Amino acid sequence: MPMDASEIEAMIRSALPDASVEITDLAGDGDHYAARVVSAAFAGMPRVRQHQLVYAALGGRMGGALHALQLTTATPD
Amino acid sequence: MSESTEVNARIAEVVGGNDVVLFMKGTPLFPQCGFSSRAVQILEHLGVEFATVDVLRDPEIRDGIKAYSDWPTIPQLYVKGEFVGGSDIMLEMYEAGELDQFLDEKGVPRAAS
């Protein structure tokens, strides 16, 4: 079952309240998204940990309901 | 040994026994997913020798590796026993020149290009 972009954004924001989240629907099919998440919480973390935080925010949907989420993480400048 | 312990032991053996190993869908010649294909291309471009595990041929590993790495998707790259990430992280690191540097730091030999 596809997920709505706003639903993805809300889940990420609930775990990372300071985050700026940009979601792009890559294929227009509600199933292949790109997300860019910028949060101060990522500071000093290796990329793997940053992505794991976002996946945790999505509560197991990644790889299930959400087939493809091309993820980019960064800290604010 | 419980089933999951057994799978973990098999994964640990593969991860420990290869300098660079990619858990992927399909094979380098016939990748079965765009993300796995991208991961293979990056490693080939870097001229690094790598082992692959086709998770589509082994459902236990397919589920097991996700728990093992605490990572929800395939492909997954391990270098010298260390989990590096999936295809997004590989691409980000590759484009920043960090993957090349990381392989150097880990002492992984590269073919002259």
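Which residues in α2(B) meet which residues in α4(B)? Before I answer, please keep in mind that this is a predicted model, in which local features need pLDDT of at least 70 and side-chain atom pairs count only at pLDDT 80 or more, while totals for chains, interfaces and linings use all residues. Residues are numbered from 1 along each chain as its sequence is written, and chains are lettered from A in the order in which they are written.

From α2(B), then, F35(B), R38(B), A39(B) and I42(B) meet S87(B), M90(B), L91(B) and Y94(B) of α4(B), where contact requires C-beta atoms, placed from the backbone, within 7 Å. These residues divide into 6 nonpolar, 1 polar and 1 charged. The axes of α2 (residues 34-45) and α4 (residues 87-95) of chain B, as lines fitted to C-alpha atoms over the stretch in contact, come within 9 Å and cross at roughly 35°.

Turning to α3 of chain B, residues 59-69, we find I61(B), G64(B), I65(B), Y68(B) and S69(B) buried, that is, with 20 or more other C-beta atoms within 10 Å of their own, again placed from the backbone. Seen down the helix axis, these buried residues fall within an arc of 115°, taken over the directions from the axis to the C-beta atoms, so they line one face of α3(B). They pack against α1, β1, β2, β3 and β4 of chain B, and just after the helix D70(B) takes a positive phi of about 55°.

Finally, the contact between the chains takes 9 residues from chain B and 10 residues from chain A, and on the chain B side α4(B) gives the most, with 3 residues.

Notes. A residue is buried if 20 or more other C-beta atoms lie within 10 Å of its own, exposed if 12 or fewer, and partly exposed in between; C-beta atoms are placed from the backbone. Helices (H or I, at least four residues) and strands (E, at least two) are DSSP runs, numbered from the N terminus. Two residues are in contact if their C-beta atoms, placed from the backbone, lie within 7 Å. Axes are lines fitted to C-alpha atoms, for helices over the stretch in contact, and angles run from 0 to 180 degrees between N-to-C directions. Ala, Val, Leu, Ile, Met, Phe, Trp, Tyr, Cys and Pro count as nonpolar, Asp, Glu, Lys and Arg as charged, and the others, Gly among them, as polar.
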